[in-house]
Amino acid sequence: MNARKTPGIAALGALGLLSLGAASAKDASTPGTSPAPATHQVPRSAEGNVVIALCDGETTLEVKGVKDPAQIDKKQAQAISDQLMAEWYRKNPQANWDPVPPRVALAQPPTPPPAAKADVKKQGESAASDAAGVAKQKGDQEQAGHTYGAFSARDEALWKASAEQMVKEGHRVFHDSKELGSTVAISCDMCHPDGANTHPETYPKYQVQLGRVALLRDMVNWCIENPVRGKALAEDDPRMKAMEAYIFAQRKGVKLEYGKH
Amino acid sequence: MKALTCVAVLALGGTVLAQPAPPQKPFPPGVSPVLYELSVPPERRPTAAQITLGEKLFNDKRLSADDSVSCATCHDPKRAFTDGLPRSEGIKKQRGQRNSPTVLNALFNATQFWDGRAGTLEEQALLPIINPIEMGMPDVEAVVAKVKGLPEYPPEFQKVFGREPTAEDLATAIAAFERTQFSGNARFDRFLAGDSKALSAAEKRGWALFNGKARCNSCHAGNAVSPLFSDQKFHNIGIAAHQHDFPKLAAEALRVVRTGDAKQIDELAIQTNLSEMGRFLVTKNENDIGSFKTPTLRNVGVTGPYMHDGSLATLWDVMDHYNKGGIPNPFLDGGMQRLGLTEPEIDDVVAFLFALTSEDLAALEKKELASQRARKNKRPERDTAVALGKKGNLGDIGVSPDLSISNPADRGFYGPVGPSSEK
């Protein structure tokens, strides 16, 4: 039960090196092959207490007096997470861990100019049928410039609200250890407050902890299996989709740079 | 602390998300507060007094020329606000050109009528009253004069609007009543809210097909923000080509539109075969020839017969129509194609469609399902050879989802409607 894959923190050079170091020590006998994901050997507590491991593969914390991980509540889990992170900061003063992002509006999907200002499509009508005249008179101008035909301002409002609702749902899952299936009350936000330091814009990239090129969802699942100690979600699980939406929304405006570390 | 800041973030998330409490009661599951905000601007929020007056007017046959027809004649609340007839019957047993659509959830429509010629419920409410075939009043002034002459209405209008009856107030009251007729709370909504047993196996397979091979969601897409299962757009799916020489009719319509005046065109739209031109007579845009609005699928099981002319009696007929790719005509929507659904697959999609019936219409649903099932073996639209690709060359046929791997119904993102616990 305590034998776990090496945890590691998403995407960071400094941490990546740490995990790689741990991995190559074990795999030194087979040079030339990709390092297999190393295992973080979480030590057993002498008193049978719960031991929580940080994803750097070495930092652990014994939760005194708690034998059953199910008894940990959100507040306590946050305290545990804070302590582990503080310990990690102490060990890695040079670490490049992003601060909490500015709390901007969640999703602001880009929208084309308002329907009233857009060009009206002329095709499919003849001068004599006066479609343009009717459109003007009826005020039902439909907007050109969308990929798939003409849509109204109402459509755009619905799309925007739908996207925002998905982001909101992702926000909820990201912050809810039960929804994530955590056995130790840890949720994503405890290490990544408000989605900090997730860098969705750098995927796909080589993920050191996984020993292969990964998508954001692979890394999310890695975090769910390791620090969160839950079961990996199916790639098309609605919770996974919603979390991806939320994580991307938090990085709106950041330049897309796949492969970057 | 963190939770509080999150709430603050959400509050900043855009005006669309700002949701003041709904006016009368909390919305049932399957009714979207966001869509309500978008569809009912503050100045059109119904008041209790308007609703009471509107309901009375809605049911009052005296609004028609010979006191024989009310709004409720064609939109009978007991029949989910439809009349169950292929094409509606007005005064003097006159037969109109179109099937009466349900009032349920009509408040959420982007436009009203099958061809979308009215933008609001207010605008819509008056037109059947002055339609010569429907309620037969000569004009709006005559309606107002008649209402003024009925003893009980002037005091009520005085109480609600503070003045004598006017056409505007009449429309406002009827529309206010119609805006209370939202409907959700279907088995499907309970399924989404986490009750995995709310849908039967057939209904779940139907939901997977709906989003996949049957391609229903091309036009009938729904999500938690817009749970109507309608894109509110207009499509030519070839229904009129059943009964008419469609190219000839289209040529005639083009001639009329290019030479006729607006009033003449309106009359033709209502009273003649040119009604089959649908949206075209509204927009005069040739792309719209023979296209009609995608109706909502909420309560679709109990609001038949189907299509703008009520020509399809059962949902099995509807599925047959789509299965063979509609009826070819020069203006057929490009999205129409053969589906290649097998008989059991058609049964599954129909089962799912019935699962969109509101709980309070369960008795009607049972009756309708039984009656539609009884007609299942009489299927005029069925063309098995074409549907299964044994005849003709009409494009590719979709692949049945392999439900032994995973049922997309368990995975599709419809939107947050409750705890997304594992299904």
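This is a predicted model: local features need pLDDT of at least 70, side-chain atom pairs count only at pLDDT 80 or more; totals for chains, interfaces and linings use all residues.

1. Chain A overall. Chain A has 261 residues, and 49% of them count as buried. Its secondary structure consists of seven helices and six strands. Read from the N terminus, the order of elements is β-α-β-β-β-α-α-α-α-β-β-α-α. Among contacts in chain A with a separation of 6 or more, 61% are between residues 24 or more positions apart. The chain has an accessible surface of about 12900 Å², and carbon and sulfur atoms account for 56% of that area.

2. Chain B overall. Chain B has 423 residues, of which 54% count as buried. It contains 18 helices and two strands. For contacts in chain B between residues at least 6 apart in sequence, 68% link residues at least 24 apart.

3. The nonpolar cores. Which residues have the most contacts inside the largest nonpolar core? They are A:Ile52, A:Ile72, A:Ile80, A:Leu180, A:Val220 and A:Met243, in a core of 41 residues. Two or more residues of this core come from each of strand 3 (50-53), strand 4 (60-63), helix 2 (74-91), helix 4 (153-174), helix 6 (216-225) and helix 7 (238-249) of chain A. There is also a second, separate core of 36 residues, which includes B:Phe188, B:Leu199, B:Ala214 and B:Val349.

4. A:Leu180. Apart from neighbours within four places in sequence, A:Leu180 is in contact with A:Val173, A:Phe174, A:Ser187, A:Cys188, A:Ile224, A:Val228 and A:Met243. One of these, A:Met243, is also listed among the residues with the most contacts inside the largest core.

5. Helix 6 against helix 7 in chain A. The axes of these two helices come within 11 Å and cross at roughly 110°. Angles of 65 to 115 degrees count as roughly perpendicular, so helix 6 and helix 7 of chain A are roughly perpendicular to each other. Helix 6 of chain A contributes A:Leu216, A:Arg217, A:Val220, A:Asn221 and A:Ile224 to the contact, while helix 7 of chain A contributes A:Met240, A:Met243, A:Glu244, A:Ile247 and A:Phe248. By type, the residues of this contact are seven nonpolar, one polar and two charged.

6. The loop between helix 5 and strand 5 of chain A. This loop separates helix 5 (177-180) from strand 5 (205-207) and holds A:Pro204. The peptide bond from A:Tyr203 to A:Pro204 is cis, with omega near 0°. A:Ala185 lies in this loop too. Although A:Ala185 is not a glycine, its phi is positive, at about 65°. Is A:Ala185 buried or exposed? Buried means under 20% relative accessible area, and A:Ala185 counts as buried because its relative accessibility is 9%.

7. A:Met190. The loop between helix 5 and strand 5 of chain A also contains A:Met190. A:Met190 has 3% relative accessibility and therefore counts as buried. Not counting residues up to four places away in sequence, A:Met190 touches A:Lys74, A:Ala77, A:Gln78, A:Ser81, A:Asp82 and A:Ala185. A:Met190 and A:Phe174 are 16 residues apart in sequence, and their C-alpha atoms are 9.5 Å apart.

8. Backbone points in chain B. A cis peptide bond joins B:Gly304 and B:Pro305, with omega about -5°. B:Pro305 is in the loop between strand 2 (292-293) and helix 14 (315-323) of chain B. B:Phe229, a residue other than glycine, has a positive phi near 60°. Its place is the loop between helix 10 (201-211) and strand 1 (234-235) of chain B. B:Phe229 is buried, with a relative accessible area of 0%.

9. B:Val140. This residue belongs to helix 6 (residues 140-149) of chain B. B:Val140 counts as partly exposed because its relative accessibility is 24%. Leaving aside neighbours within four places in sequence, B:Val140 is in contact with B:Ile130 and B:Ala167. B:Val140 and B:Ala167 are 27 residues apart in sequence, with 6.6 Å between their C-alpha atoms.

Conventions. Residues are numbered from 1 along each chain as its sequence is written. Chains are lettered from A and ligands numbered from 1 in the order in which they are written. Side-chain values use heavy atoms; hydrogens and water are left out. Helices (H or I, at least four residues) and strands (E, at least two) are DSSP runs, numbered from the N terminus. Buried means under 20% relative accessible area, exposed over 50%, partly exposed in between (1.4 Å probe, protein chains only). Contact means heavy atoms within 4.5 Å. A nonpolar core is a set of buried Ala, Val, Leu, Ile, Met, Phe, Trp, Tyr and Cys residues joined through side-chain atoms within 4.5 Å. Axes are lines fitted to C-alpha atoms, for helices over the stretch in contact, and angles run from 0 to 180 degrees between N-to-C directions. Angles under 35 degrees count as roughly parallel, over 145 as roughly antiparallel, 65 to 115 as roughly perpendicular and the rest as oblique. Ala, Val, Leu, Ile, Met, Phe, Trp, Tyr, Cys and Pro count as nonpolar, Asp, Glu, Lys and Arg as charged, and the others, Gly among them, as polar. Accessible areas come from the Shrake-Rupley method with a 1.4 Å probe; for residues, only the protein chains shown count as cover.
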